[in-house]
Amino acid sequence: MKTLIVMGAMALSVLGANAQDFKAPLAKTWVAFDTLPMMGSGDARQQQANKLVLIAKKWDKEWITHFYVALSKTMMSYEEKDVTKHDAVLDDAEKELQDAVSLLGKNNDETYVLAAMIANSRLGVDPMNRWQKYGKIFTDDLQAAKEINPNNPRMYYLKAVSTFFTPAAFGGGKKNALPYFEKADGLFAAEKGDDVTKPYWGKRANTYFYAE
Amino acid sequence: MRKRLLLIFFLPLLAGSFAAFADTRISGKVLDNFEKPVKGASVYLDNTIDGATTDSLGEFSFATEEKGNQTIVATLAAYELTGQPLVITGDVTGIVLHMRKSQHDLESVTITAGSFASSDRTKTVLNPIDVVTTAGSNGDVVKAMQMLPGTQQTGTDNGLLIRGGDVSEAAIIVDGTIVQSAFVSGPPGLSTRSRFSPFQFKGVSFSSGGYSSRYGQALSGVLDLNSNDMPDKSNVNLGASIAGIYASGTKKWKKCSFDAGGNYTNLAPLLAVSSTSNGYKFYKVPVGGGGNARFVWEPNKNGILKATFSATYSKSGINIPNPALGSVDTTGNVNTTDEQIKYITEDNYYFGTISYKQSFKNKYTLYTAGSFSYDKLNNVYDIIALKQEEYRNQGRIELKRNFTTRLNLMVGAELQNFGTKKQFGRTQQYDETQLAAFTELEWTPIYWLALRPGIRYEYSTFLNVDKVAPRFSAAIKTGNHSQASLAGGIFYQNANTNYYLSGFKPGMQSAIHYIANWQWSKSDRTLRVEGYYKNYQDLVRENGYGYNPNRFRPVIVASSVDNTGYGYAQGLELFWRDKKSFKNTDYWVSYSYIDTKRLYENFNFEATPTFVAQHNLSVVGKHFIDKWHANISATYSFSSGYPYFDPAKTSGSDFLSGRTPTFNNTAITAAWLHSFGKWFTVFYVSVDNVLNTHNVFGYRYKDGQRQPIAPGFYRTIFFGANFSLSQFSKDEL
């Protein structure tokens, strides 16, 4: 009987591990991706991004796995200067984000923030021709995120970065971006960031820009 | 026994989790169709997380715990997924996977023959910002089109002169409906600007021929303007310029927005610093004002309703060179003897549009639009009152079905009622109702080939005539960055309104277009070469009298008018635009060659019309100075001489054989952007015809003496500032 209990316990732990263990590889891969320098480490980041795709394929029913794929692709897209390829990467990111949203059943603040980021990246590759369309999507999605959770630091971080890279003559620049970075910084400090199922990206980059 | 059973039951489960200890290596490479290595592809065993990314040689290698039958897969953005089965018993090496570029993500071929379009996903050729930053455009969308191939300078006319066609042959369209009286009213021979601001539009699409079956009643081409969607945010906008002041505001709510604005114009300061040409002298400076309102509503994510209304008023009095000087008058009330006549303009203009667009799950798109234009003139020509009302009311509906992303079918219908009431000595009237139905298929069977056949049916109740106009365009990719396009079709148009007003009833005129182009486009550099042949049939002709060079002449009542005219136009056009070679600099060169002749209206012989120059060149350059937030632009335009009428040369090949000197114009514009606190400000100054060149568009003869036909203005100087205040971001924090 004792053996039986041991056996049973072992079997359960194996089963449990199979259901749970997406978190460990996900967290590990995500951190590996996120801690690589944003620019210039293309290949190494691509490897981690590809790994995230595999994780999402294996744990297909977890919205967060798709979310990270979308997020990593969006982040990678900023490096791609060719408009066609840039859009192809973001098309993929959008699909993954849609998967995440349909698994969730509805948008949450994080998915809205990511949708805003995708729009921001689309805008960034050809600002002169795209600001009108994607600038609006960016603003609308951030607004939607704010209505769900006004304390999401990534919202302010995105607004800050977008302002940072807007020419000063159009109301952008370092000075105008600063209050947003400050606001984001405060909110980032309040986040623990110890649970991979609660996205906690953006803090490092915010600290970097804040210093600028 | 029971224990053993359980063991059997659990063992596979445990074995599965312990199998990790036996690693095997999988390696190989990924190549594309041309056997070139593919870098950055993700290669993995399907349904596992075992995989690797290919290096610059396309090679990959990874370890796995999996055994037996597996599938190895490679993926990469812009490529089609590829895979092959694999049996793993030990290390596997030398796998070769081939990947194909995916059709969906590749830059698909787009049809460009005859059209300059802009959209967010295709390479833009000209957008609203381009329009305002182009020197010589004076912020006028229509004027900016004169820096593109296929058009002529309009020094003394209002409208677009496209590929040998006169101004009446081009239609200006806003949100799918034709605009009546699209230009500010002015005296004959004085070119005025269009009534629109480029900032009203998100997209400008200019067709110099072979346009879609969605539109008709334009023998030459269309300028299709798409108004802005929902504004970003609330704002206040104030402006002052040498010609007037304006103010506008936008209030945005969550799902709708409302704009309103007003303006006052007074050209006195502008006239004081500009150089008017000999013969044009305002004794009553143009003064006017207007108001506009706009409402946008998004009832759901995929639907948008837009409604606009504007009203403007203007008045002026001017001495102009007598357009009828030296001509033969048959009506008995046209002054043909005085060098100068007085002309008073008083104009009331109202324009309203409403449109609604709704998509249903990306399967169907419904578009409906309606508009009205009403223009009331209370003019005085010399000493005779000239009262005129022009109106146009129309509606359109279009339904598009997207079968796949590469195949869609559109069907639509259009109803228009338009006409003119004119009182100039006698009272004349013309009222027409036209019905049209159209369909168009857009099909990209494979990424390198696009086809767009269409057909249009038009019925005129006034003429009791119906016409069927087929249209076709296609494009094929000829390389990674190049493509060739074709466009063509039959186009019909009623005769010039003057004929119907005078009681004649000529039938529809027609033109057949054949257009071919080749375009190369790579990272912000575009080269286009386009050739065309246009065949005009059934053009209107007045028979029985000699040629009268006065373009504003009344039709002689005793003449006979029919559709026996004809003509052709053929030409070659080049366009080169480069936004890349020089930092912050964008320049383009546009050259058009045209050979055209026609026998129409009161021509006695087939000849090149007076508004067509054989060679046209525009060079436009723009530069943005980061440090100063300033934008400067310069444009040089050249046209070879224009044909003119010499009363001593009236027969055969002598008719309209004279050529004026060449046309030259240099324009510069500069703008400075600055934020004063929350106010975003633009200061601008533009000088047209910097060198004060006295261009000539023809001659007017009287008693053997000739006077040049000049544009109204030579050098003009325009400057002003715009201040805008957007919603105040502090409350976002």
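In this predicted model, the crossing of helices α4(A) and α6(A) is left-handed, and their axes come within 10 Å of each other, crossing at roughly 25 degrees. Chain B, for its part, is divided into domain 1, covering 22–99, and domain 2, covering 115–732. For the complex, the predictor gives an ipTM of 0.71 and a pTM of 0.79. The points below take up the helix pairs of chain A, then the domains and strands of chain B, and finally the confidence values.

**Helix packing in chain A**

- Helix α4 of chain A spans residues 63–77 and helix α6 of chain A spans residues 109–124, and the angle at which their axes cross is roughly 25 degrees; that makes α4(A) roughly parallel to α6(A), since angles under 35 degrees count as roughly parallel.
- On the α4(A) side, the contact is made by A:Phe67, A:Ala70, A:Leu71, A:Thr74 and A:Ser77, while α6(A) contributes A:Glu110, A:Leu114, A:Met117, A:Ile118 and A:Ser121.
- Another helix pair in chain A consists of α9, residues 174–189, and α10, residues 203–211, which pack at an angle of about 140 degrees with their axes 10 Å apart.
- Helices α9(A) and α10(A) are therefore oblique to each other, and α9(A) passes α10(A) in a left-handed crossing.
- The residues that make this contact are A:Phe181, A:Ala184, A:Asp185 and A:Phe188 from α9(A), together with A:Lys203, A:Asn206, A:Phe209 and A:Tyr210 from α10(A).

**Domains of chain B**

- Between domain 1 of chain B and domain 2 of chain B, the C-alpha centres lie 57 Å apart.

**An open sheet in chain B**

- Four strands of chain B form an open sheet in the order β3-β2-β5-β6, and the pairing is antiparallel.
- The edge strands of this sheet are β3 (51–53) and β6 (82–88) of chain B, each of which pairs on one side only, and the twist averages 15 degrees from one strand to the next.
- Strand β2 of chain B, residues 42–45, pairs with β3(B) in the antiparallel sense over three bridges, and the bridge partner of B:Tyr44 in β3(B) is B:Gly51.

- Strand β13 of chain B, residues 235–241, and strand β14 of chain B, residues 244–252, pair in the antiparallel sense over seven bridges, and a hairpin joins β13(B) to β14(B) through two residues.
- Within that pairing, B:Ser241 has B:Gly244 in β14(B) as its bridge partner.
- Strand β14(B) also runs antiparallel to strand β15 of chain B, residues 256–266, to which nine bridges join it, and these two strands form a hairpin with three residues between them.

- Strand β24 of chain B, residues 465–477, and strand β25 of chain B, residues 482–493, pair in the antiparallel sense over seven bridges, and they form a hairpin with four residues between them.
- B:Ala474 stands opposite B:Leu486, which belongs to β25(B).
- Strand β25(B) also pairs, again in the antiparallel sense, with strand β26 of chain B, residues 509–522, over twelve bridges, and here B:Tyr492 stands opposite B:Ser510 in β26(B).

**Confidence**

- Chain A averages a pLDDT of 80, and 86% of the residues score at least 70.
- Over residues 9–17 of chain A the pLDDT stays under 50, and for this stretch the model has six contacts beyond four places in sequence.
- Chain B averages a pLDDT of 87, and 93% of the residues score at least 70.
- In chain B, confidence is lowest in helix α1, residues 2–18, at a mean of 44, and highest in strand β32, residues 643–644, at 96.
- Over residues 1–21 of chain B the pLDDT is below 50, and this stretch has 13 contacts in the model beyond near neighbours in sequence.
- A further stretch of chain B, residues 118–124, has a pLDDT that stays under 50, and the model has 16 contacts for it beyond four places in sequence.

Conventions
Residues numbered from 1 in each chain as written. Chains lettered and ligands numbered in written order. Predicted model: local features only at pLDDT ≥ 70, side-chain atom pairs only at ≥ 80, totals over all residues. Domains from an automatic or database assignment. Pairing = 2+ DSSP bridges. Axes fitted to C-alpha atoms, helices over the stretch in contact; angles between N-to-C directions. pLDDT = per-residue confidence, 0-100. Contact = placed C-beta atoms within 7 Å. Parallel < 35°, antiparallel > 145°, perpendicular 65-115°, else oblique. Left-handed = near helix turned anticlockwise from the far one by under 90°.
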